[in-house]
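User: Hi! I have a protein on my screen and would like to talk through how it is held together. Could you walk me through it, starting with contacts along the chain?

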Amino acid sequence: MALRDHPKRSSQSEDVPSLLEDKKNGFESRQGETRRPEKSCNYSEGTWIYDPTVRSRYDNTCKEIFKGWNCISNNKTNARDLTLWRWQPNDCDLSPLDPLQFLQRFRDKSIGFIGDSLNRNMFVSLVCTLKSASSEVKKWRPVRADRGFTFLQYNLTVAYHRTNLLARYGRWSDSGNGGALESLGYKQGFRVDVDVPEGSWDDAPSFHDIIILNTGHWWWAPSKFDPIKSPMLFFENGSPVLPPITPELGLDMTLKYMIAFVERMSRASSLKLFRTQSPRHFEGGDWNEGGSCQREKPLLPEQVEDFFALENNGTDGEARLVNRHLYKALKGASFRILDITHMSESRADAHPSRAGGKKHDDCMHWCLPGVTDSWNDLLVAYLNNM
């Protein structure tokens, strides 16, 4: 479907609808106690409950599931059990996403996931869930999206824009002209323009009604950006940042510019969320050091701290480190933080691991169906409160 053939939006498309009917002031839990109303709930604090009555919202036949994430088809031992764990916040309930209600509520709207492959993981989860309620779907990639779908009966578009750093980047090498970086001994690396969004998504903020951003995993990726052989070299206003800065400082600069860019380019009525970092669960080393994730049940609270406490300087501390930068950058911004980190930290059992014959354990992405389904439950709850 060409861009100009996008299904016509209603005259109300500029106005964000009421996202949910008003909740009652309180409600009864399964045990009969009165719980706090959902609007005051901290959804990120809770426990995973094994519940055999939970029904999977889609199965392994959804064609959008990337082959490496299809743990049921890849015969992962606990793949079907993954759908039987539900997230239970401490002070309220988190309702499962109702696909029909979602389609009706966001009729004539467009939702854009912008970020790395973990945002694609979440995008696929949402698409597969919605397809279970509506089969009239047209592939469409609006404003240079990597992939996307319009649910024709509801004129709802859901798209994914691939970008690893949010900022534009590409190979850089010594041009022989004696520039500033060359004079410091740099021969090659990656140029990262901290103030220029990557072209895969720079038009997305002005198009989508709901925007979900993420970044993080590529910022500490020596296999991609070797600090010696191919370092990240940061540019601002077209010139190298001197003296050269670390990836951590480059992330701070990039977040500042990208958040400001989205706020400047998006419509006043749009809803903007920044998703926190998805935790990895490598044990015994990183992915290229023989690290693995063979657990079949969620971690206990004390085990979570062994994985992620920053003072341990462990392989998986990246999640909390990235979040520190993210929370700092978002102070005063109009973004809502979609906090999925804590609820995901205990789910060392829910990665593809070696299922499907992988050469290295995948302890970063998530099996589908699986944990990212609960991220979308959380997304609906957050939208309800915006």
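Predicted model: local features only at pLDDT ≥ 70, side-chain atom pairs only at ≥ 80, totals over all residues.

User: Which residues touch the most other members of the largest nonpolar core?

Analyst: As background, nonpolar side chains in soluble globular proteins tend to be buried together. The largest nonpolar core here has 55 residues, and a second, separate core of 29 residues includes I114, A167, V194 and L251. In the largest core, the residues that touch the most other members are F102, F113, L130, L156, V158 and L338.

User: Leaving aside neighbours within four places in sequence, what is L338 in contact with?

Analyst: L338 is one of the residues that touch the most other members of the largest nonpolar core. With neighbours within four places in sequence set aside, its contacts are M122, I212, L273, F274, R275, T276, L378, L379 and Y382.

User: Now for charged pairs. How many salt bridges does a search of the whole structure find?

Analyst: Side chains of opposite charge can pair when their charged atoms come close. For a salt bridge, the cut-off between nitrogen and oxygen is 4 Å. A search of the whole structure on that basis finds 14 salt bridges.

User: How many residues apart are R147 and E64?

Analyst: The side chains of R147 and E64 meet in a salt bridge, at 3.7 Å from N to O. R147 sits in strand 7, while E64 is in the loop between strand 3 and strand 4.

User: Is E64 buried or exposed?

Analyst: The cut-off for buried is under 20% relative accessible area. E64 has 10% relative accessibility, so E64 counts as buried.

User: What is the N to O distance between D202 and R144?

Analyst: D202 is in the loop between strand 10 and strand 11, and R144 is in the loop between strand 6 and strand 7, 58 residues apart. D202 is partly exposed at 24% relative accessibility, and R144 is partly exposed at 44%. Their side chains meet in a salt bridge with an N to O distance of 2.1 Å.

User: Which residue forms a salt bridge with E283?

Analyst: E283 is partly exposed at 27% relative accessibility. The closest N and O atoms are 2.8 Å apart, and the partner is R295.

User: Which residues are closest to the centre of the largest pocket?

Analyst: About 1100 Å³ of space lies in the largest pocket. Its lining has 34 residues, and the elements that give two or more of them are helix 2 and helix 6. Closest to the centre are S223, R280, F282, W287 and M364.

Conventions: Residues numbered from 1 in each chain as written. Heavy atoms only, no water. Helix = DSSP H or I, 4+ residues; strand = E, 2+ residues; numbered from the N terminus. Buried < 20%, exposed > 50% of the residue type's maximum accessible area, 1.4 Å probe, protein only. Core = buried A, V, L, I, M, F, W, Y, C linked by side-chain atoms within 4.5 Å. Contact = heavy atoms within 4.5 Å. 1 Å grid on protein atoms, 1.4 Å probe; cavity = no way out; pocket = protein on both sides within 12 Å on 5 of 7 lines; lining within 4 Å. Points joined across faces, edges and corners; volume = space filled by probe spheres on them.
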